[in-house]
Amino acid sequence: MAATTLLKFAWLEVTGLCNEFCDHCYADSGPKGTHGSMTVQDWLNLIDQLADMGTLDVQFIGGEPTLYPHLPHLLEYAHVRGLGIEVFSNMTHIRDPLWDAFRRFGVKLATSYYSDEAQEHDRVTQLRGSHRRTRANVAKALELGIPLRGGVISVNQGQRAQEAAQDLLALGVETVGGDRTRAFGRASKGAAPTIGDLCGHCAHEKCAIGPTGDVWPCVLGRHLTLGNVRGTPLADIWGGEQMAKVTADIEAVHGSGVQSCTPPQFLPMCEPCQPCVPSFGHCDTQEKHSSPDAPTIGPPI
């Protein structure tokens, strides 16, 4: 079955390892995570496939992608193949060679930021000192002229999410996004994932590839596997029978018009945002009246 839409953007989840252990992590990443079964050559082959399919942009994500030892090599190869590159990082573990790679290969950065207060930020990440390191590296990226976006998710009462957004803007970050916590991974608290908690844009000109080679309609929709690139070319998965079934299931829940809703900043090809969220205001048609400042984990106010 031939694909009816161009695959413009792909998340490349190169690792499930993370030095933080956030309660709301949709990927259930943490210090015990692994780099999965995708080899470096597998990732290089995938980058070739994406470039040959006309994909415009990729975002390296995790886990924490800066903990993946071969990230500079993948960045260089994606750059050589003409792909736009963004790295979504918690910005706590960036060494000098990686800063150099970011600049040489035209990499954009995106990061999560939870509070203007160190104690509240660290309470979300469960990593002492993470606020200090993240904030310092945000400032360093801007000083080096590396484009950077920020994303704020309200997790706990008293977190000061709105103040976190203002703090990023004051530092010089020009684009700050936000979203509610969605019930995937650790944030689900053991509940089964549902299509209804997705935004509905999944698989619309975008997909995600995980550390084992599984292909998902987005990084949140990992319970909706489209195929695996270790055994099937991505071009055959994109637009294949399983993808048609999954997109039909998503449309049945969200309706046929959700994929074309605004604001355009939401769409990855228009400036990939964090990781599957729109602007800090009205995030999607299902949540247009929600406030990013409302905590979504823990007891109600």
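Helix axes are lines fitted to C-alpha atoms over the stretch in contact, and angles run from 0 to 180 degrees between N-to-C directions. Helices (H or I, at least four residues) and strands (E, at least two) are DSSP runs, numbered from the N terminus. The model is predicted: local features need pLDDT of at least 70, side-chain atom pairs count only at pLDDT 80 or more, and totals for chains, interfaces and linings use all residues. Residues are numbered from 1 along each chain as its sequence is written, and side-chain values use heavy atoms, with hydrogens and water left out.

Helix 1 (residues 40-52) and helix 2 (residues 71-80) have axes that come within 10 Å and cross at roughly 20°. That makes the two helices roughly parallel; angles under 35 degrees count as roughly parallel, over 145 as roughly antiparallel, 65 to 115 as roughly perpendicular and the rest as oblique. The crossing of helix 1 and helix 2 is right-handed, meaning that the near helix is turned clockwise from the far one by less than a right angle. From helix 1, Val-40, Trp-43, Leu-44, Ile-47 and Asp-48 meet His-73, Leu-74, Tyr-77 and Ala-78 of helix 2, where contact means heavy atoms within 4.5 Å. The residues of this contact divide into seven nonpolar, one polar and one charged. In this classing, Ala, Val, Leu, Ile, Met, Phe, Trp, Tyr, Cys and Pro count as nonpolar, Asp, Glu, Lys and Arg as charged, and the others, Gly among them, as polar.

## Asp-42

Asp-42 is also found in helix 1. Leaving aside neighbours within four places in sequence, Asp-42 is in contact with Ser-37 and Arg-230. Asp-42 and Val-229 are 187 residues apart in sequence, yet 8.4 Å apart in space, C-alpha to C-alpha.

## Helix 5 and its partners

Helix 4 (residues 118-125) packs against helix 5 at an angle of about 105°, with the axes 8 Å apart. The two are therefore roughly perpendicular to each other. Ala-118, His-121, Asp-122 and Thr-125 in helix 4 meet Ser-130, His-131 and Thr-134 in helix 5. By class, this contact has one nonpolar, five polar and one charged residues.

Helix 5 (residues 130-143) also packs with helix 6 (residues 161-171), at an angle of about 35° and with axes 10 Å apart. Their crossing is right-handed. Arg-135, Val-138 and Leu-142 of helix 5 meet Asp-167, Leu-168 and Leu-171 of helix 6. The residues here divide into four nonpolar, no polar and two charged.

## The second largest pocket

The second largest pocket has a volume of about 180 Å³. A pocket is an open set of points on a 1 Å grid over the protein atoms alone, where a 1.4 Å probe fits, with protein on both sides within 12 Å along at least five of seven lines; lining residues have an atom within 4 Å of a point. Grid points are joined across faces, edges and corners, and the volume is the space filled by probe spheres set on the points.

Of the 12 lining residues, Pro-147, Leu-148, Arg-149, Glu-174 and Thr-175 are the closest to the centre of the pocket. Strand 4 (108-112) and strand 5 (148-154) are the elements that give two or more residues to the lining. By class, the lining has five nonpolar, two polar and five charged residues.

## Backbone details in loops

The peptide bond from Gly-62 to Gly-63 is cis, with omega near 25°. Gly-63 lies in the loop between strand 2 (57-61) and helix 2.

Asp-28, a residue other than glycine, has a positive phi near 55°; its place is the loop between strand 1 (9-13) and helix 1. Glu-205 is not a glycine but has a positive phi of about 65°, and Glu-205 lies in the loop between strand 6 (175-180) and strand 7 (206-209).
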